[in-house]
Amino acid sequence: KVSWDSVVTTPRWSRLIRPATPAPTGYIELGELCRVSRGQVTGNNAIWIEGAHTKALPATLLAPTITKARELLKAGERMDDSGRLRRVVNLPADLDLLEPAERVVVEAFLRWARSNGAESGYIARHRRAWWAVSLYEPAPIVCTYMARQPPAFVRNICAARHLNIAHGLYPRQPLQEAEFMGLVRYLRANVPMTRGRTYAGGLVKFEPKELERIPIPGLEALQYEVTANLDGKAA
């Protein structure tokens, strides 16, 4: 039984049935180590994700991008190859930066995009330039945030960009590879679904701030775990 006064004053009702437990000694919050950011929104995937309409564009203007959560769910703990990912049109806001030959091809693409309503959507109208999706820098770690299972954390070795079907983890300080992998392995094994928000049908969603509050071991413990595993395999 829960008093109505408690219900009214509690910002999230899940706290009433799943009270927060203090982190173990020596642990920190993930947010102290990494900033968690949503992926970029294209505003119109049919326009900006590659297809027959983008074949004339130079490869330098198409960025390999994680566009579906299942790409992370299938990747395992590391994503080493971006070859199977779809690419997203990533044009500069200032088209004068393009080479003359590139400019001709891009302007032809933009005429097609405009004729298909690309510039009239809400997202496009609020960009610096309607054609500039402005993909975020690759996140060293990427994770799913909505599923009927715990988030899948993946070390982004191939430096793929990501859309808003995933969250990116950006370290607040330089990390060694052993620390990256220790963090990925810990998060894959220790983030229960109960830390997210449950919706109808059992769908669980993790907001960036909720992920940032997850307790994790300190860097030395994360690095030690990976080093110990490698030593064990070598033995």
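1. Start with strand E3, residues 62-66. Of its 5 residues, 4 are buried, so the strand is largely enclosed by the rest of the structure. Note that this is a predicted model.

2. E3 has pairing partners in E5 and E9. With E5 the pairing is antiparallel, over 4 bridges. Threonine 65 has arginine 86 of E5 as its bridge partner. With strand E9 (residues 161-162) the pairing is parallel, over 2 bridges. There, isoleucine 66 is bridged to histidine 162 of E9.

3. Next, helix H6, residues 100-115. Its length checks out: 16 residues at 1.5 Å a residue should span 22 Å, and the end C-alpha atoms lie 23 Å apart, which agrees. Buried here means under 20% relative accessible area. By that cut-off, the buried residues of H6 are Val106, Phe109, Leu110 and Ala113. Viewed down the helix axis, they fall within an arc of 105°, so they line one face of H6.

4. What covers that face? The cover over the buried residues of H6 includes helix H4 (45-48) and strand E5 (86-89). E5 is also the strand that pairs with E3 in the antiparallel sense. On the other side of H6, the exposed residues are Pro100, Ala101, Val104, Arg111 and Ser115. After H6 comes glycine 117, with a positive phi near 80°.

5. Last, helix H8, residues 177-190. Its 14 residues reach 20 Å from first C-alpha to last, close to the 20 Å expected at 1.5 Å a residue. The buried residues of H8 are Glu179, Phe180, Met181, Gly182, Leu183, Val184, Tyr186 and Leu187.

Conventions: Residues numbered from 1 in each chain as written. Predicted model: local features only at pLDDT ≥ 70, side-chain atom pairs only at ≥ 80, totals over all residues. Heavy atoms only, no water. Expected span 1.5 Å × (residues − 1). Buried < 20%, exposed > 50% of the residue type's maximum accessible area, 1.4 Å probe, protein only. Arc of directions from axis to C-beta. Contact = heavy atoms within 4.5 Å. Pairing = 2+ DSSP bridges.
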